[in-house]
Amino acid sequence: IPINLNEFCEQVIQETQLLNKNIINFFCEDKYINACIDEKVLRHILINLLTNAIKYSPKDSPIDLELISNESEVIFQIKDKGIGITPEDQQHLFESFYRASNVGNIPGTGLGLAIVKQCVDLHGGKIAVKSEVGVGTTFTVTLPIGNTQKKLHAQMNV
Ligand code: ATP
Ligand code: MG
């Protein structure tokens with residue numbers, strides 16, 4: 001069953017926003033983007049990335065979630081103006097327990113992104129990061145649209 005990603009994103013933003021003071025802006029040019037994507041998995045991906053954006057940014061800095069779609073895929077961009085990540089650290093971010101050297105006393109276990117990467121892989125998607133220290137970070141998640149749900153459930157044994 002396809003879900004409406006516009007409504008879905010707004011809902012996830014509301015859930016995430018309850019926990020913090022950062023304003024999360026939602027951008028999308030198309031009003032109705034529907035896709036067959038596992039809701040639980042997508043929620044997990046977005047909440048993890050939004051929570052990181054909040055955690056690694058000053059309290060008052062805005063965070064953007066942008067949704068873009070084309071014929072075969074949907075693209076989610078999570079953009080922050082936080083502490084940023086060095087090119088060296090960017091190469092290890094998706095490894096379990098890896099944390100960058102500039103986290104200071106911001107708490108974390110280094111597992112969030114490793115799990116997000118697994119979720120994206122199970123969906124046959126891609127995740128990429130662009131970042132500059134002291135400027136900010138953008139994570140881009142690209143997921144194919146379509147009936148990937150069956151395959152996903154089989155692989156996750158649910
Ligand atoms: P948790 O397991 O609770 O999510 P975590 O946030 O430390 O802990 P990950 O989400 O896996 O772990 O992120 C790994 C590391 O990548 C972080 O410790 C941090 O160094 C860096 N990182 C992730 N997202 C950002 C971001 N938006 N801005 C700056 N650094 C980030
Ligand atoms: Mg995290």
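Strand 2 and strand 4 (residues 63-69) run parallel, paired over five bridges. Strands here are DSSP runs of E with at least two residues, helices are runs of H or I with at least four, and both are numbered from the N terminus. Two strands count as paired if DSSP finds at least two bridges between them. Within this pair, Phe27 sits opposite Glu66 of strand 4.

A word on ground rules. This is a predicted model, so local features need pLDDT of at least 70 and side-chain atom pairs count only at pLDDT 80 or more, while totals for chains, interfaces and linings use all residues. Residues are numbered from 1 along each chain as its sequence is written, chains are lettered from A and ligands numbered from 1 in the order in which they are written, and side-chain values use heavy atoms, with hydrogens and water left out.

Next, strand 7. Strand 5 pairs with strand 7 in the antiparallel sense over eight bridges. There, Phe76 has Val141 of strand 7 as its bridge partner. Strand 6 is joined to strand 7 by seven bridges, again antiparallel. Those two form a hairpin with three residues between them, and Gly134 in the turn has a positive phi of about 80°.

How many residues of strand 7 are buried? Eight of the nine are, so the strand is largely enclosed by the rest of the structure. Buried means under 20% relative accessible area, exposed means over 50%, and partly exposed is in between (1.4 Å probe, protein chains only).

Thr137 lies in strand 7 and is buried, at 4% relative accessible area. Its bridge partner is Ser131. The two side chains also make a polar contact of 2.8 Å. That term means a pair of N or O atoms within 3.5 Å; within protein, one must be able to donate a hydrogen and the other to accept it, and residues adjacent in sequence count only if both atoms are side-chain atoms.

Last, salt bridges: a side-chain nitrogen of Lys or Arg within 4 Å of a carboxyl oxygen of Asp or Glu. The count is two. Glu15 meets Arg43 at 3.2 Å, N to O. Glu15 is in helix 1 (residues 5-17) and Arg43 in helix 2 (residues 39-55), so the pair ties together parts 28 residues apart in sequence. Asp121 meets Lys117 at 3.1 Å, N to O. Both lie in helix 4 (residues 112-122), four residues apart, about one turn of the helix. Asp121 is partly exposed at 42%, and Lys117 is partly exposed at 28%.
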